[in-house]
Amino acid sequence: MRRTRLAGALTAVLALALMATGCGDGGGRGTGGPPAAEAATAPDRVEPLAAPGAPRLPVTVPSADGRTVTVTSAERIVPLSGSLSELVFTLGLGKKVVARDITATFEQAADLPVVTRAHDVSAESVLSLRPTLVLAESTTGPAEAVAQIRDAGIPLVVVKPAKELTDVGTRIDAVAAALGVRDSGTALKERTRERIDAVRKDVPAHAEKPRVAFLYVRGSAAVYLLGGAESGASSLLEAAGAVDAGKESGLTKDFTPLTSEALAQAAPDAILVMRKGLDSVGGVDGLVKLPGVAQTPAGADRRVVSVDDGVLLNYGPRTDEVLKSLVRQMYGERK
């Protein structure tokens, strides 16, 4: 049962793509923010390009699963992850999207029908909407559903997942190419790069960087994991001027079960969690009751940085907002 839950949690982490504006307790040891300062919550919306281009089709593009796919129409698009939905909407083709994955939580997609059940794709639901293009992640499943969509003759392009800042531009290019809007992809890539660079320039300089541990927690399923080098959070934390405490402590994989020993080795000054995960354990009060948390500098000072599940690990057009939230929560508002 324990292994099943752990495997399920890792699948959920890959399917959930997380962080927008933050909401959490700031302040305390080593990072200079005011104690228990709750970050403001901004509307969960994407910002489409001001002048997006129209699709130039047909196009033939490589798919991350080794296939080559020809796309002839972008009139009815089904992106099978929140991250892919965000990219399609930001590239200006939101009106062509006819369905969403359960992780597409931003406002413009809210009224679209959901074609996933607990992160599993329903091929029947997808096909009933007569899509002309389906965009999927390498982690999209089950494999039988993906095969059923392909067997129905629907162009299905698989996009590689992103795990660090350097993947942002590559991911934008891949989706823009599949949609036949390469010029829009170039414009969005440049806009995103400029915004990320602007945030990074504003990161306060500290002689000693704060150590931040990324925890994936789901109280309802009793899943408590500590992120390591492959969790996807390291690049964000490092760009925000912090140290990934799990990675620094020697955790080379994505996640490991949370234990007092592992947390003691990581010795975080602050803890990063997804907002729904924090809610699932009863907020900060519940989080500090998890094994070993109260004994860390982060637990003693109740330094918790929380972000929306829907954008934390997306590495997409709102990555600058993710970084800005991290910086604000770890260091406090700039004067």
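## Around Ala-229

Leaving out neighbours within four places in sequence, Ala-229 is in contact (heavy atoms within 4.5 Å) with Ser-234, Lys-247, Leu-251, Thr-252 and Lys-253. You'll find Ala-229 in the loop between strand S9 (223-227) and helix H7 (234-239). Helices (H or I, at least four residues) and strands (E, at least two) are DSSP runs, numbered from the N terminus. With a relative accessible area of 24%, Ala-229 is partly exposed; buried means under 20% relative accessible area, exposed over 50%, and partly exposed in between (1.4 Å probe, protein chains only). Gly-246 sits 17 residues away from Ala-229 along the chain, with 7.0 Å between the two C-alpha atoms.

A word on ground rules: this is a predicted model, where local features need pLDDT of at least 70 and side-chain atom pairs count only at pLDDT 80 or more, while totals for chains, interfaces and linings use all residues. Residues are numbered from 1 along each chain as its sequence is written, and side-chain values use heavy atoms, with hydrogens and water left out.

## The chain as a whole

The chain has 13 helices and 13 strands. Of its 335 residues, 56% are buried. Take the contacts between residues at least 6 apart in sequence: 68% of them join residues at least 24 apart.

The accessible surface (Shrake-Rupley method with a 1.4 Å probe; for residues, only the protein chains shown count as cover) comes to about 14500 Å² for the chain, and carbon and sulfur atoms account for 51% of that.

## Where H2 meets H6

Helix H2 (residues 82-93) and helix H6 (residues 182-201) have axes that come within 10 Å and cross at roughly 110 degrees. That makes H2 roughly perpendicular to H6. Angles under 35 degrees count as roughly parallel, over 145 as roughly antiparallel, 65 to 115 as roughly perpendicular and the rest as oblique. The axes are lines fitted to C-alpha atoms, for helices over the stretch in contact, and the angles run from 0 to 180 degrees between N-to-C directions.

Which residues do the touching? From H2 come Leu-87, Thr-90 and Leu-91, and from H6 come Ser-184, Gly-185, Leu-188 and Arg-191. The residues of this contact split into 3 nonpolar, 3 polar and 1 charged. Here Ala, Val, Leu, Ile, Met, Phe, Trp, Tyr, Cys and Pro count as nonpolar, Asp, Glu, Lys and Arg as charged, and the others, Gly among them, as polar.

Thr-192 also lies in helix H6, and at 2% relative accessibility it counts as buried. Setting aside residues up to four places away in sequence, Thr-192 touches Val-168, Ile-172, Gly-316 and Pro-317.

## Aromatic rings

Rings of Phe, Tyr and Trp (its six-membered ring) pair if their centres lie within 6.5 Å, with planes under 30 degrees apart called stacked, over 60 edge-to-face and the rest tilted. By this rule, there are 3 aromatic pairs. In one of them, Tyr-216 and Phe-255 have ring centres 6.2 Å apart and planes at 65 degrees, so the pair is edge-to-face. Tyr-216 belongs to strand S8 (residues 211-218) and Phe-255 to strand S11 (residues 255-257), so the pair ties together parts that are 39 residues apart in sequence.

Both partners are tucked away: Tyr-216 is buried at 3% relative accessibility, and Phe-255 is buried at 10%. Ring pairs link Phe-214, Tyr-216 and Phe-255 into a cluster.

## The Arg-76 loop

Arg-76 sits in the loop between strand S2 (68-71) and strand S3 (77-79), and counts as partly exposed at 24% relative accessibility. Not counting residues up to four places away in sequence, Arg-76 touches Lys-96, Val-98, Leu-129, Arg-130, Pro-131, Thr-132 and Leu-133. From Arg-76 to Val-97 is 21 residues in sequence and 5.8 Å in space, C-alpha to C-alpha.

Most residues other than glycine have a negative phi, and most peptide bonds are trans. The bond from Leu-57 to Pro-58 is cis, with omega near 10 degrees, and Pro-58 lies in the loop between helix H1 (2-15) and strand S1 (59-62). The bond from Gly-141 to Pro-142 is cis too, with omega near 0 degrees; Pro-142 is in the loop between strand S6 (133-137) and helix H4 (143-151).

Ala-267 isn't a glycine, yet has a positive phi of about 45 degrees. Ala-267 is in the loop between helix H9 (260-266) and strand S12 (270-274) and is partly exposed at 29% relative accessibility. Tyr-315 also has a positive phi, about 50 degrees. Tyr-315 lies between strand S13 (304-307) and helix H13 (319-331), in the loop, and is buried at 2% relative accessibility.
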